[in-house]
Amino acid sequence: MTNSGRKLSDLASHLIIPDGIVKTRFPRIAKLAKIAGITYDPWQQGLLTLMYGLRRDGKYACGAGGLAASLPRQVGKTFTFGTAAFLDCLLTPGLKVPWTAHRSRTSDETFASMQTLAHDAKLARYVATIRRANGQQEIGFHNGSRILFGAREQGFGRGFDGIDQIVFDEAQILTERALDDMVPATNTAANPLIVMIGTPPKPGDPAEIFRDKRRTALAGADKDLLYVEFSAPRGSDLDDREAWTAANPSYPQRTSETAIARMRAMLSDDSFRREALGIWDKTDIAHAIDPQQWEQAGVSERRDGGAVSFAVDMPPDRASVAIGACMRYADKTAHIELARFESTGRNGLAWAVDWIAERWARTCSVVIDAQSPATVLVQDLKARGVRVTLTNSTDMGQACGRFVDMLRDGTLHHLQGQEALDIAVRGATKRNIGQSGAFGWNKRTADVDIVVGWPAKAVEGLANRVVMDGLQSESGDDLTERVRSIMDVNDLMAVADSVHTDALVHSCSFVAVLAGDTDLGEPDVIVQEFTADVATGIWDKRRHRLESALLFDVSDDYKHIDCAYLMRYGMTITIEHDRTGWHVADRYEDDAERIPCELFAYKPDERRPFGRSRIDRAVMSLTDSAVRTFLRSEMQAELYSVPPRYILGASEEMFSDEDGNPIPRWRLMLDQMLILPRDSSSGEVPQVGQFTQYSFEPHSAQLRQTATMFASATSLPPDAMGVLTDNPSSAEAIDKATKELCLLAEKCHRWFGNPWRHVIDRAQRAAGDGDVQAVRPQWRNPSTPSRAAAADAAVKLVQANILPADSEVTYDMLDLSDEQRRILRTEQRRKAAEAAIERLSAQGAHETGSISDKPTGAEDA
């Protein structure tokens with residue numbers, strides 16, 4: 001009999017059933033499933049029968065303990081539990097079911113699968129709404145039931161109430177904090193149900209909740225817990241198809257052999273054992289930081305006083321900045337906590353410098369590891385008067401040892417409830433530093449996460465040459481007060497930098513001119529950017545402009561839509577959301593020739609008017625190649641400093657410990673001293689030799705080649721890629737390499753210049769009485785010449801009478817800012833006025849003198 005025809009009890013390696021089941025709700029679900037054309041295998045029927053099992057009081061038998069299912073991948077968990085939840089919503093009015101995964105990608109995949117079910121011809125009529133906005137994905141039914149989807153890593157689930165059922169996908173990465181955020185929301189439900197689905201956790205995964213559920217179930221300690229586990233026997237041959245059959249009830253009927261074989265080829269042995277065969281690790285790896293000691297050291301709030309120090313760190317991809325704080329007290333105790341943890345993508349880096357500088361007067365030290373990407377902040381911190389201490393590997397070894405000693409002795413405490421810090425502590429692993437016993441900590445190694453910052457460099461390299469310094473009038477006059485006000489209240493130069501960068505990343509960006517609410521303290525005209533992930537439009541090819549646009553104004557964390565703007569020729573509609581749903585809040589009509597939204601596109605053409613991303617296929621392909629090179633070098637790094645050795649004349653017992661167990665090979669390779677006795681039979685001394693040390697040169701050479709190709713594809717100097725070469729580029733070579741980048745920047749001036757003209761024109765019309773000053777952007781010279789070279793060229797043109805000294809062209813060559821130009825014009829007018837007054841004064845004095853010189857009585861004559 002195939003797996004698909006066997007019962008749950010025949011297939012599950014562990015099946016723990018809660019007490020007191022007298023009936024089940026599953027037959028109603030099965031009946032509706034049959035109408036919808038959904039077919040469950042016998043093992044799925046058995047699992048759902050138990051999950052929906054009821055006691056005599058009508059409550060779920062596993063309502064208190066929940067359902068925990070340890071399943072390999074490719075079993076069909078989304079189909080089994082997803083269709084059941086969907087059908088249960090149809091049968092139960094007002095049911096609220098959050099489906100939460102750890103990662104956004106997993107949540108998105110589940111939502112996409114459920115959407116397919118919602119579009120089924122037999123079920124679609126029961127579906128009222130499908131919301132696809134990130135962070136607000138939801139399927140709503142006409143009977144009031146809802147299934148909500150989200151990722152725990154994005155904070156999904158906090159603040160929920162009135163929850164009837166919860167599905168925790170990826171339960172092997174389920175923290176106690178996430179559980180505390182969501183489970184209490186089921187307290188008001190009449191018959192709550194909690195489902196946890198996961199695979200055996202990897203070393204470093206925060207899987208205490210999932211492990212405790214399994215440990216409790218196998219010990220028979222919870223009579224309200226339903227536990228199901230599918231796994232191959234421990235010690236199975238990883239290539240044995242019988243092991244595949246034992247682990248996966250869907251193999252080979254629903255899950256093909258090709259799918260399992262693909263995992264076998266792509267995953268390591270340990271990962272395949274967990275992910276595909278469902279086999280739990282025999283024992284957890286040793287924690288670098290004792291979990292029990294860490295838990296006992298937690299405090300609800302820190303003590304006042306103490307000497308404060310801060311440490312700053314960033315991951316290799318520079319996606320976030322973490323600032324740790326330590327308070328050292330007079331009684332030799334210390335307190336640590338995570339002071340700030342922010343995304344650089346949303347908040348940048350400048351805030352970290354400001355935050356530390358504000359506290360520097362009350363701070364003992366600011367520490368950054370010399371190998372950390374956070375060293376990029378050192379110069380900015382020093383410029384603000386902050387003294388930064390850079391640490392090395394020796395400092396790391398001493399600090400980690402001191403940390404462990406203080407934690408063991410109870411003199412180190414930390415703030416409770418900081419989930420990011422707790423996960424980092426649980427996932428830390430120990431690594432040796434040198435040969436003297438010092439050690440440091442590595443971050444989580446469950447997933448290899450090597451990121452190369454070259455795409456960001458490609459964007460920043462061009463964005464730094466497309467800088468709008470201000471606005472200037474077409475006539476050369478000073479900007480009107482209205483234009484200056486629009487620039488100031490909207491911080492237009494900062495908005496421009498963001499618009500240009502986003503256009504390079506996403507291929508385009510949108511800028512809209514909106515009416516502000518002065519009652520709320522807003523300016524009367526708002527110039528606001530909408531990135532390509534929250535805006536779209538339709539391009540009018542005949543008029544070369546947007547004919548319509550749809551813009552979503554989202555919250556800072558991108559989780560909520562505050563309002564939406566629908567624009568078309570002659571009309572702008574504002575749509576807002578309240579407790580009753582979406583409704584039209586405002587409708588504005590005008591006779592303007594353009595809609596109040598402009599498109600900023602990078603490399604637009606007739607086929608793709610919305611442009612192209614600077615991060616194109618060539619950039620992504622070369623970055624992937626660099627990542628693979630880094631990965632290979634990381635894997636060889638441990639062996640690089642430990643060359644292989646050979647021993648002649650040795651016997652096997654020389655490499656066994658006192659218990660007769662073989663000494664692990666890694667210890668033999670890393671031991672500082674290798675002691676071998678004489679051979680007991682011959683008395684000869686074993687000879688120890690060493691092979692040639694491994695070389696990093698192949699990796700370095702390939703990385704240099706990839707960096708050169710990347711630099712060529714993005715018009716960046718090779719030295720900008722951060723890869724050292726034997727012969728650094730000369731000034732002439734760098735200048736030649738950047739000429740193409742400068743030409744591209746000048747094209748950006750043209751692509752972005754016209755939209756900015758229209759934005760300022762529209763803003764003036766919205767703010768005034770129709771009197772509009774024609775202005776144009778003032779661009780910084782993309783070749784960034786030195787002040788001396790620019791001044792020399794301008795002086796020669798003025799001396800040759802080719803340019804007037806006070807010409808706007810001369811000011812452009814000198815790269816003067818808008819403020820500098822305004823001051824020069826003011827001084828020119830002042831000098832001109834003074835000269836005119838002097839001329840009038842001289843003329844008046846001359847005329848007065850002439851009258852007084854006439855002889856007496858001349859008038860009578």
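**Reading a cavity**

Modeller: Helix H4 (77-91), strand E9 (165-168) and strand E10 (193-198) each contribute at least two residues to the lining of the largest cavity, where helices (H or I, at least four residues) and strands (E, at least two) are DSSP runs numbered from the N terminus. The model is predicted, so local features need pLDDT of at least 70 and side-chain atom pairs count only at pLDDT 80 or more, while totals for chains, interfaces and linings use all residues. Residues are numbered from 1 along each chain as its sequence is written, and side-chain values use heavy atoms, with hydrogens and water left out.

Biologist: How many cavities of 30 Å³ or more does the structure hold, and which residues line the largest cavity?

Modeller: Rolling a probe the size of a water molecule over the atoms shows where empty space is left. A cavity is a set of points, on a 1 Å grid over the protein atoms alone, where a 1.4 Å probe fits but cannot get out, and lining residues have an atom within 4 Å of a point. There are two cavities of 30 Å³ or more in this structure, and the largest has a volume of about 70 Å³, a volume being the space filled by probe spheres set on grid points joined across faces, edges and corners. Its lining consists of Met51, Tyr52, Phe81, Ala85, Trp99, Gln165, Ile166, Val167, Leu193 and Val195, and the largest share, three residues, comes from E9.

Biologist: In what order do the three strands form the open sheet?

Modeller: Strands of a sheet pair through backbone hydrogen bonds, either parallel or antiparallel; here two strands are taken as paired if DSSP finds at least two bridges between them. The order of this open sheet is E23-E22-E29, with antiparallel pairing. Strand E23 (525-531) and strand E29 (597-601) stand at the edges with a single partner strand each, so one side of each has no neighbour in the sheet. Strand E22 (residues 508-515) is joined to E23 by seven bridges, and Leu514 has Ile526 of E23 as its bridge partner.

Biologist: Which residues does Ser70 touch, and does Glu295 count as buried or exposed?

Modeller: Ser70, found in strand E4 (residues 66-70), counts as buried because its relative accessibility is 0%. Leaving aside residues up to four places away in sequence, Ser70 touches Gly198, Pro200, Phe210, Tyr227, Val228, Glu229, Phe230 and Trp280, contact meaning heavy atoms within 4.5 Å. Glu295, by contrast, lies in helix H11 (residues 291-296) and counts as exposed, at 64% relative accessibility. The C-alpha atoms of Glu295 and His413 are separated by 9.5 Å, although these residues are 118 residues apart along the chain.

Terms used: 1 Å grid on protein atoms, 1.4 Å probe; cavity = no way out; pocket = protein on both sides within 12 Å on 5 of 7 lines; lining within 4 Å. Buried < 20%, exposed > 50% of the residue type's maximum accessible area, 1.4 Å probe, protein only.
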